[in-house]
Amino acid sequence: MATSGTNLEHARAHNRRVVIEAIRLNGELTRAELARLTSLTPQTVSNIATELEQAGIVSSHLPRRIGGRGQPATPLTLNPDSAYSIGIHLDHQSLLIVLVDLSGNVRFRRFIAVQKPQPEPTLALIEQVLQEMRQQVKIDWRKMLGIGVVMPGPFGVEGISSAGPTTLNGWDNVDVAERISAISGLPATLENDATVAAIGERFHGIAKQINSFIYLYIGTGLGAGIFTDGRIYTGHAHNAGEVGHMVVQPGGRACYCGNEGCLERYLSLQAAYEACGLDPMTALPQDLLNVDVALFDHWLDSALPAALQAINIIECLFDAEAVIIGGLMPGELVEKLVKRLHPLHKSVRSKYLDGLRVRVGMTGTDTAALGAAALPIFDEFNPQYEVLLK
Ligand SMILES: [Zn+2]
């Protein structure tokens, strides 16, 4: 594939996203602060700010005087009602649909329990919920940017995608984004749960001020979302960060993919369920709070060597500021896990405190859906922005 040349329209769309993201992360910023934070020229910032202001996406506020001299500076904030997006999270036991405004406030939320969902009935269910949402939520629907869809990965990998209990069966040949776009009339993007949770962490969680981090997502399986220099890395086929099938113990526990000693056979909800005597087909993450503590701790001890090795590999590979652990596992259990991950193996990050190297991220049922709702906003080439700017 040829390297793309300079494309001014793409550069403009990218710079616009950078400006919107900077205001979102900081709450309010003046044009001068924006120029400093984004390394864009004052003229570029000014042009984008004017464009966004005319479109109603950002609002100017009363000037504040900095240091008492010079021109008073006018801070800009996001206008929450200038754009909306929808997040859909489909997992083995749940379908969660949220609608958020540009500031991330949840304006609609519907949680539905499902069992190993199959494509056709699930798509019909999603269509029904989207119709109800459209009737219930009183917003200007012309300002809807689109839908972010999140499902467990990996996508389209022979022998891994469709094998085993940590993947969704039956979805291999379904173009999920295209189907959801067809039933909703909105642009739709599909990403894996770990990538989307990392975006959610960047937008709403502790990674607001961290440009480079790896997010370890404990779902039914295990995946990683990769942020480098404020940008998500998804890989060639959206499977970057599928660390669950990284062999961390050669000759270890058998995995559904055919390997022995895959990371997610030690560190995942599935592994925790098995070790705690829960039925992985029906267990819910919060059930782990009610199991015998000795059983859970025994699982934790068995997962530690694999987790430590994975963190060592990730740190040496990316030199990221932090490894953030979160996902569907209840927060207090993730905290327990992270507390036990000491001392960490030596790596390129050894000069930092363990507590800075590995941190607890957002956890709980809404993490991925909120991240999915951020996808249409995060998409720098979203054609809907062009519509809003007209
Ligand atoms: Zn495997």
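**View 1. Spacing of the zinc donors along the chain.** In sequence, the residues that donate to the zinc ion follow the pattern H-x9-C-x1-C-x4-C. This is a predicted model, and in it the zinc ion is coordinated by H245 through ND1 and by C255, C257 and C262, each through SG, at 2.0 to 2.3 Å.

**View 2. Geometry of the zinc site.** The site of the zinc ion is tetrahedral, with angles of 104 to 120 degrees among its 4 donor atoms.

**View 3. The largest pocket and its lining.** The largest pocket has a volume of about 390 Å³, and 16 residues line it, of which V18, L25, L37, R202 and N211 lie nearest its centre. The elements that contribute two or more residues to this lining are α1 (8–26) and α2 (31–38), and the largest share, 7 residues, comes from α1. By residue class, the lining of the largest pocket divides into 6 charged, 6 polar and 4 nonpolar residues.

**View 4. Position of the largest pocket relative to the domains.** Residues from domain 1 (8–78) and from domain 3 (206–365) both take part in the lining of the largest pocket, and therefore the pocket lies between these two domains.

Terms used: Residues numbered from 1 in each chain as written. Predicted model: local features only at pLDDT ≥ 70, side-chain atom pairs only at ≥ 80, totals over all residues. Heavy atoms only, no water. 1 Å grid on protein atoms, 1.4 Å probe; cavity = no way out; pocket = protein on both sides within 12 Å on 5 of 7 lines; lining within 4 Å. Points joined across faces, edges and corners; volume = space filled by probe spheres on them. Helix = DSSP H or I, 4+ residues; strand = E, 2+ residues; numbered from the N terminus. Nonpolar A, V, L, I, M, F, W, Y, C, P; charged D, E, K, R; others polar. Domains from an automatic or database assignment. Donors = N, O, S within 2.8 Å, 3.2 Å for Na, K, Ca; no water. Tetrahedral: all angles 85-135°; square planar, octahedral: opposite > 155°, others 65-115°.
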